[in-house]
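I opened a new page for this model. These are my notes on what I looked up.

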Amino acid sequence: MALRVLPRKAWRNWRRSADLRIPLHSTEVEDASRRFLLYGALPLWVLPGLADWWMHKRTRIEHTSGTRESAVHALMMTEAGVPVLMGLLARVNPLVLSVMGGAALTHGATAVWDVSLAVGEREVRPIEQHIHSFLEVLPLTALAFTACLHADQVRATLRGGPGAQDWRLLPKEHPLPARYLAALAGAVVGGVALPYAEELWRCRRAASAARGA
């Protein structure tokens, strides 16, 4: 089936429908799973990312593996960020699940490449390897919980996505609360995007200084 995306007008009114309710005290499995995914796995993803950045800084990445490894880190953030963004804003269907699954596999392969680049150029301490284990498993954890919350769409994906809406990027029928999205965006920018942008800038500056020496 050819990939088709709805026109822009499908997204123009995406915030006008009622927000998704996320009960904080419900003990229903679906509610508890959604709370863990939104308030646990996704926000906590920032912490090992920030810890990994600090380990790179401690081992002076700008004077060892440098820009090449830092660029791989940016690639890995993109591989994780795109499916997360789709899951937060778009309706979960075979298209979104396929992107999530492909991104999780690609992220894992890139993580192996990242370590292979690092170990030949700088010290990769056991604690950094342990941090990597969290960064590698969290995309799979998020995918697993998303799949459990949308078992009908998993079944549709396994059947090849035969529905008319299965391969279209649609806004959620009930979007996540704007306050939640803003808080998560702030955490990601402050705890991931800015630190790793600083790392890349530091590496490029060191490389320029070395060429000019």
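Which side chain meets that of Arg-122 in a salt bridge? I found Glu-69, at 2.8 Å, N to O. I count a salt bridge when a side-chain nitrogen of Lys or Arg is within 4 Å of a carboxyl oxygen of Asp or Glu. Arg-122 lies in the loop between H5 and helix H6 (126–149) and Glu-69 in helix H4, so this pair ties together parts 53 residues apart in sequence. Both Arg-122 and Glu-69 are buried (under 20% relative accessible area; exposed is over 50%, partly exposed in between; 1.4 Å probe, protein chains only).

I noted that this is a predicted model, where local features need pLDDT of at least 70, side-chain atom pairs count only at pLDDT 80 or more, and totals for chains, interfaces and linings use all residues. Residues are numbered from 1 along each chain as its sequence is written, and side-chain values use heavy atoms, with hydrogens and water left out.

Next I looked up the other salt bridges; the structure holds seven. Arg-202 and Glu-62 form one of 2.7 Å, N to O. Arg-202 sits in helix H8 and Glu-62 in the loop between H3 and H4, 140 residues apart. Arg-202 counts as buried because its relative accessibility is 6%; Glu-62, at 16%, is buried too. Glu-123 and Arg-125 meet at 3.5 Å, N to O. Arg-125 counts as partly exposed because its relative accessibility is 25%. I also found Glu-62, Glu-198 and Arg-202 joined into one network by salt bridges that share partners.

Last, I turned to H4. Its buried residues, Glu-69 and His-73 among them, pack against helices H2, H3, H5 and H8. I took helices as DSSP runs (H or I, at least four residues), numbered from the N terminus.

Notes:
Helix = DSSP H or I, 4+ residues; strand = E, 2+ residues; numbered from the N terminus. Contact = heavy atoms within 4.5 Å.
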